[in-house]
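Okay, thanks for coming, everyone. Let me put the thing on screen, and then I'll talk you through it.

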Amino acid sequence: MNALILSAVLGVIMMFSGLLLKQKSNLRHLATAGLFLLFVANLLEMSGITFFSINVGSMMHFDRFALLFNSVIFFSTFVYFLLSARDIERTGSYYAEYFALIFFILCGVVLATSFTSLLILFLGIEIISIPLYILTGSDKKNLRSNEASLKYFLLGAFSTGLMLMGIALIYGSAGSFDTAQINVAAKPGTLMIAGMILLLFSMAFKVSAAPFHFWTPDVYDGAPTVFTSFMATIVKVAVFVAFIRLFYEAFGRLQQQWQIWIALITAATLLIGNITAVFQQSVKRMLAYSSIAQAGFMLMAIYAMNMDGKEGLLIYSAAYSLATIGIFAVLIKMNDYTFDGFNGLAKQEPLLAATTAIFLLSLAGIPLTGGFIAKFKMLESVIATGKNFWLVIFAVLMAAVSVYYYFRVIQAMYFKDGPARVIPISPVFKGTLVALAVLIILLGIFPELLLNWFYF
Amino acid sequence: MIPVLLILIPLLTGLVAFFVKNEKSVKGWALASSVITLAVSLIGLTVLKDPEYFAQRYEWMGSLNSSFSVKLDGLSQILCLLNAVAFPLIFIATWKTVYAKANNFFALMLLMQAGMMGVFVAADALLFYFFWELALIPAYFLCSQWGGPRRIQVTFKFFIYTFVGSLLMLVGLLYIYFHTPGRSFDITAFYNAALTSKEQDWLFWLLFIAFAIKMPIFPFHTWQPDTYEQSPTAVTMALSGVMVKMGVFGLLRWLLPVLPLASWRWGDTTSTLAVVGMIYASLIAIQQDDIKRLVAYSSIAHIGLMCVTIFSLNNIGMQGVMIQLFNHGINIIGLWIGAEWIERQMGTRKLSELGGLAQKAPALAIFFVVIALANIALPLTNAFVGEFLMFTGIFSSIATHYSLWFTVLAGVCIILAAVYTLNLIRKIFYGNVSAAVSAAGDIRLSEKLALGVIVILIVWIGIYSQPFLRITEDISADITNGIINRPEIARYLTR
């Protein structure tokens, strides 16, 4: 509840501060401070201190699961601001609005992670999506940015339609929007299954799972890189939380019906994401496909539907978001987005190269990084179900494929010579990157630092 | 305490080495670190007897029932000793080699040593997997940064190969984890995992492929000759001397005792693969003109013999394997030292361009001939002890019906080994002095020191191998008896 109100208020504040504060840097500091406040307020709620008590009429439930994921998301956004706030300002002239929109998205995130009614889920997903359409097109003079925005909007609107339709069908079958009651009333009838499948499709669209991923590469590539970073990490994780919550709480008893669907979607997502990423020439586009591939791994948590899966998603969302935010932050500083643009970076900027290498190793799932534990947990959760073992084997083979394109960047940075050029970077930026790399390694050695929050 | 020290010393000194910018001092630092590691390993082997020094356990990931648990038994002792002996030898032998960014080079070398130590002492499956990968990452960076012209592609192939293998192994380990009593990654829990024989049958391949790639066993060997050829020689020494032993170690520690039924049932299949690989590699070695490639193929043949012996499940053979792990490690490092020196002096590794070197470098010739004779397992050399035990083991194996065939075919490879090794010596050291050799001098003190130590070890183990055999006596009996005494297997054996 703290985070919900605060994020909405902060969004409004940021909107008006654009008028009052003339200095760009003040605005940036205000946004970062506001976000830190949001993070702290959410942590306080986890330890039982709430500032607001409003009756939400059993439409939302701020349980440990939701709050914990909110914390991870807010923390990632905080890191994102520290690294990239300066680049947000550079995107266009309405910089205050960008920050405001991001806060509104966070408000939607809180709705989406804490819903117990499908209506709130719908609201949350829409509040996340609409500002994103704007942010995607924020580079107004760039044709590709406009194209991406339009494409995203049209396809997004379509998936929203599917979602509404699904919710209506489910209401028709169960007579309620409440997830717990849907689960009680759930029986594998046509109406219910059709509604569930529609919801499955629309959520799969939002997390860019195959075969609903076609928008992703173009939108991620066309959007200004700072916002791609935000979309591919924080937003994706939030939708995943909503996804897992929906299927655990509303359709838990229909697992027989949907499990094989999710398994197939997972396999398709892993295949398409990884194989296509291999052929990319631009690092930004490679990261777009890699985000599809990583979504494939996260889908395994939904497939498994056990505690291992929830733990896995938690650690996955932290490890994946932090590493990807780090890479994007470095990418923004590069003059050339192709693989060759990274040639020789290790000579010019050893620190930048070393931290990027750690982020890439984490994404590839090499032990000692958070990414390994995340993948490990996902595999564990699927094996724990005792079924569909082929999915595990397939997933590790695809993980091996992913090494190919992540290591291409490492090879370019370390083993090839070239004039990798970066725009000047501040000591704060470097410091944050190092802290981020340390955090990822800590997560890889002591994952329980994060996981234990589930239980205490 | 000893196993923790063995990991920590190279790990911490390796991390420090990143920041030692002066080339001379970083070399000294790395050498000092490796000598201390060797000292610790020797102390553990000779002075300390109390078992509390050899096992350690710290809480790590409680929710997964995985702990930082390490222990040193006979098998770990001999491999840690090899690892500890190998690195000082490598550092001394390559003392004169100049590296760009020497600090990174030596730091990564030490980190690789730490990773391999961890593999050899881990008593927890997850920890084992961690170290297994950690040893690989420094190797990847070392080969791709300091290797030959084709290094990037070749090393990448090596990395992908081993990474695929280790991911499959991870899946296998996870599956076993879910069938252990009380869900734990501890090694004793793994040894008591409740797996049906059908599950064992396919789990076997998930694990075996990972180890087979590392060793390497035919047909998973294709990464190896290229990688050995393209890597800087110091790294090749570490890879072939120590890292391939990780694969053999994996079989002995994590495959045979965990999946005993499958190990016995698939034994003939894997032995056949290994024998095919041995003959194939030996024949290719005969054709090679490049010293490095020749030694690489010869290594495939030697490791293949170990694999055959392991699956013959015989106690005498198992003893042979364990001592041969050590022997092969130091012998091949010796061969590489020679190859490295020749390449550095003559600027070529081609046998056709060499000749008559014995006249110019008599000291090298003496050392190198002794090592080469050890490579073909002549009596009085260390490899004779190991290979004799191994052949005895294969021949008297009761686990397979084909022991005679395996013995004969593997024996052929010994003859082939004599062909290519003696040819190697003849072409390098005898005959007319070639143009490339005419300006050469003899080896210096640092090479003499390293080669001298190796030759002393070769002769020592060749004449008096009892102290070494005693280290591994118990563990090899444990491994073999653990399988052949199982009631499900015992009744099928051809006693």
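Housekeeping, quickly. This is a predicted model, so local features need pLDDT of at least 70 and side-chain atom pairs count only at pLDDT 80 or more, while totals for chains, interfaces and linings use all residues. Residues are numbered from 1 along each chain as its sequence is written, chains are lettered from A and ligands numbered from 1 in the order in which they are written, and side-chain values use heavy atoms, with hydrogens and water left out.

Chain A puts in 36 residues and chain B 34, where contact means heavy atoms within 4.5 Å. Together they bury about 3,100 Å², with 82% of that from carbon and sulfur atoms; buried area here is the accessible area (1.4 Å probe) that two parts lose on being put together, summed over both. On the chain A side, F376(A), F415(A) and E448(A) lose the most area to chain B, together 21% of what that side buries.

How many salt bridges cross that interface? Zero, by the rule, which asks for a side-chain nitrogen of Lys or Arg within 4 Å of a carboxyl oxygen of Asp or Glu. There are three residue pairs in polar contact across it, both residues at pLDDT 80 or more. Polar contact is a pair of N or O atoms within 3.5 Å; within protein, one must be able to donate a hydrogen and the other to accept it, and residues adjacent in sequence count only if both atoms are side-chain atoms. As for elements, α15 (350-364), α16 (370-385), α17 (389-415) and α18 of chain A each give two or more residues to the side touching chain B, and α17(A) has the largest share, 14 residues. Helices (H or I, at least four residues) and strands (E, at least two) are DSSP runs, numbered from the N terminus.

Over all chains, the salt bridge count comes to 25. Take D63(A) and R245(A), at 3.2 Å, N to O. That pair is 182 residues apart, joining the loop between α2 (24-46) and α3 (64-91) to helix α10 (residues 225-249) of chain A. D63(A) counts as buried because its relative accessible area is 18%, and R245(A) is buried too, at 2%. The cut-offs: buried is under 20%, exposed over 50%, partly exposed in between (1.4 Å probe, protein chains only).

Over in chain B, D186(B) pairs with R57(B) at 3.0 Å. Here D186(B) is buried at 13%, whereas R57(B) is exposed at 51%. There's also a network of salt bridges with shared partners, joining R150(B), D226(B), E229(B), D290(B), R293(B), E343(B) and R349(B).

M116(B) sits in helix α4 (residues 102-121) of chain B, and it's buried because its relative accessibility is 0%. Leaving out residues up to four places away in sequence, M116(B) touches N83(B), F87(B), A135(B), A238(B), V242(B), M243(B) and M246(B).

Last, the surface. A nonpolar patch of about 540 Å² includes L351(A), V434(A) and F446(A). Patch members have over 30% relative accessible area and no salt bridge; like charges are joined within 9 Å, nonpolar side chains (Val, Leu, Ile, Met, Phe, Trp, Tyr) within 5 Å. Areas come from Shrake-Rupley with a 1.4 Å probe; for residues, only the protein chains shown count as cover. Helix α18 (residues 427-445) of chain A gives the most, four residues. V434(A) is in that helix, and it's partly exposed at 31%.
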